[in-house]
Amino acid sequence: MSKQHAIRGLRGSALMIVLVVVMIVSLGAYTFSELMFTHNETATLSSQNIQAKWLVDAGIDVARVHLLQPHTQRMSAGGDFDNPTVFQAVNVIADPDPNLTGNFTMIAPNLDSDGYTAGFRFGLEDESSRLNLNTLTIADKYAADGGREMLMALPGMTVDTADAIMDWIDEDDETREFGAEFDYYQSLGSPYEPNNGPFNTVEELLLVRGVMPELLFGADINRNGMIDSHEEPARQRVQELVSMANTSAGDEVLNAGSLDRGWSAYLTLHSQENNLNINGEPRIDINSADLQTLHQDLSAVFDPAVANFIILYRQGYELVDEPQTDGIPQPASAVEIDFLRESEREFTQVLDLVGKRLLYESDLVDEDPIDILPAYPLDISLANTIDLLMDNASTSSNPTIPGRLNINQAPRLLLQGVPGLSDEMIDFIIQTRSIDPYQDQQNYYRHETWLLKQSGINFLLGGTPFTLENMKALQPFICGGGSVFRAQIIGYYEGGTASARGEVVIDATTVTPRIRLWRDLSHLGRGYPLDVLGLHYAGGSQTALPSVQ
C-alpha cells in the first residue's frame with residue numbers, strides 16, 4: 001500500500017473516531033439534559049407539593065375569617081352548609097397554564113336523614129351534629145344511664161362497649177353494670193390505666209375494651225365520604241362485625257344506620273354553642289345575683305311585664321297554675337318591684353318561664369294579693385315571643401354551652417339515642433326541620449324551641465308530639481345549631497400534578513376563631529376527582545369561580 005493510501009486510511013479512521021466521539025458526547029449531553037429535565041420536574045413537583053399544603057392553609061384562613069363574621073353576615077354571604085361561591089375552587093395561584101393554577105376546596109359528604117352519603121356539598125360541618133363523647137357524663141345527670149343510651153344509638157354498639165366507654169370517662173373506679181375499669185385494664189398483657197376523665201382524641205377509643213378499628217373508622221379508608229371500589233372488602237368486614245354484634249345482642253335490636261365512615265363520623269370532642277344572641281352579644285343571665293342590675297338589663301330588651309315577672313320569680317313569690325284570687329289577673333308590669341327583697345329562687349332553664357303564673361302578696365297589710373299573668377302564656381302567641389326570650393336570656397353566665405346535639409342536622413340514628421325522644425318525635429323533627437341555615441332566612445329554626453313554636457301551629461291542625469314538659473326534659477340534650485365547625489380542605493393544582501388534604505376543627509366561640517384540631521390527610525391522596533373540586537381552566541377557557549386574589 002502506497003504512502004498516500006496509508007494517509008487516506010488514517011484520515012478515515014480519524015473521521016470514524018471523531019464521529020464516535022461526537023456520538024458519545026451527544027449521548028452524554030442528551031443524558032445530562034434528560035437528567036436535568038427530570039431534576040427540574042422533580043424540583044417543580046416538590047415545590048408544588050409544598051405549595052399545595054399552603055393552599056390548604058389558605059383554606060383554613062378563609063374558613064376562620066368566614067366564621068369571624070356575625071351569623072347574619074355569614075348567611076347573607078351564602079351560609080356555611082353548602083356555599084360553592086365561598087368554598088369551592090377558590091383560586092389562590094392564578095396562571096393560564098392549568099398545571100400552574102392552584103386552588104383549594106372545602107368539601108363535605110352530603111348525608112341523608114339516616115346518615116348515608118348522598119353526594120357532596122361545599123361547606124362546613126357543624127360539630128354539634130355529632131355526639132360529644134366528653135359530655136356523656138352530663139347526660140347521666142338528666143336521665144338514668146343517659147350516656148349509655150346515647151352511645152347505644154351507634155350502629156353495632158353493644159351495651160358492654162357502651163358501659164366500658166362510660167367507665168373510661170367517669171371519674172370513679174366503680175365498674176358499671178357491663179363496663180370495665182382499672183382492674184380489667186391492669187389484667188391485660190400490657191397493662192395501662194383508664195383515663196377516668198375526658199378523651200383527648202376520638203382515636204383514644206381504641207384503648208377502650210370492645211372498640212375495634214373497623215367499627216371506629218369504618219370502610220371509608222381514604223376518608224372521602226364514599227365507598228370506592230377498592231374499599232368494598234372493608235365494607236363487607238364492617239357489615240360482618242355489625243351482624244355479629246346484632247346476633248350477640250339476642251332479642252335487643254341494635255340501631256341501624258351507615259357505618260361506611262365508622263363511629264368516628266358520628267363522634268366529636270369539641271361541640272359547643274356560643275352563649276350569645278344573634279348579634280354576638282352575651283345573653284342575660286337571669287340567675288344573676290344583683291336583681292336591680294338584672295332588671296335594668298332585662299328592661300333594655302324585654303317588655304316591662306317580662307322584666308318584672310323574672311324578678312318576682314327570683315324573689316320567690318308563689319307559683320300557681322290557676323288564679324288564686326277573685327280579682328282580675330294583672331301583668332307583672334302592674335307591680336312595683338321592691339329590690340330590697342333578696343333572691344330566693346333560681347331558674348333551672350329558661351323554659352321555666354313558660355306558662356307560669358305568680359301570686360304576688362305585698363308586705364303591706366292593707367294590700368290584697370294579686371294574680372300575675374304569665375309572661376309567656378302556653379298558647380299560640382308563644383310562637384311570636386319565644387325566639388326573643390331564647391336569644392337573649394340564659395340561666396348561666398358561662399360564655400359557652402357544651403355538647404348538645406343539633407336537631408336540625410343530626411342523623412336519625414343519633415336522635416334515636418336522645419333520652420325522651422320517641423320515634424314519633426323524631427319523625428316530626430326530620431319531616432319539619434331545615435337542614436341548611438341559609439334556607440332559614442327568618443331564623444325560625446335557630447333555637448331548639450322551634451319545636452314548641454311548631455307545636456302551637458300544629459295544635460290548630462290536629463296536635464303535635466311535643467309538649468312543654470317533654471320539651472323541658474329534652475332541652476339539656478338538644479340545640480338548634482353549634483359554634484364549632486369541621487372542614488376538610490383540599491389544595492390542588494388543576495393539572496393534577498400535586499395536591500394536599502387536611503381536616504380541621506375550628507372553634508368560633510372565641511373572639512378570633514381558633515383551631516382545635518388539625519390533621520394532615522395528604523397521605524390518603526386527593527380523594528375527589530378534579531371536576532368535583534372545580535376547575536378554573538376547564539377545556540382551556542377560564543370559568544367564573546371564586547378567587548382570593
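Student: In which loop does Asn196 lie?

Tutor: Asn196 lies in the loop between α7 (182–186) and α8 (213–217); helices (H or I, at least four residues) and strands (E, at least two) are DSSP runs, numbered from the N terminus. The model is predicted, so local features need pLDDT of at least 70 and side-chain atom pairs count only at pLDDT 80 or more, whereas totals for chains, interfaces and linings use all residues. Residues are numbered from 1 along each chain as its sequence is written, and side-chain values use heavy atoms, with hydrogens and water left out.

Asn196 is a residue other than glycine with a positive phi, near 50 degrees. Arg223, also other than glycine, has a positive phi near 55 degrees. The loop that holds Arg223 runs between α8 and α9 (232–248). Arg223 is partly exposed, at 22% relative accessible area; the class covers values between buried (under 20%) and exposed (over 50%), with a 1.4 Å probe and protein chains only.

Another arginine, Arg341, is placed in the loop between β9 (318–320) and β10 (357–360). Arg341 is buried but has no salt bridge, and Glu344, the nearest side chain of opposite charge, is 4.1 Å away. A salt bridge requires a side-chain nitrogen of Lys or Arg within 4 Å of a carboxyl oxygen of Asp or Glu; Lys and Arg count as positive, Asp and Glu as negative, and His and the chain ends are not counted. Beyond its neighbours within four places in sequence, Arg341 is in contact (heavy atoms within 4.5 Å) with Leu291, Gln315, Tyr317 and Asp363.
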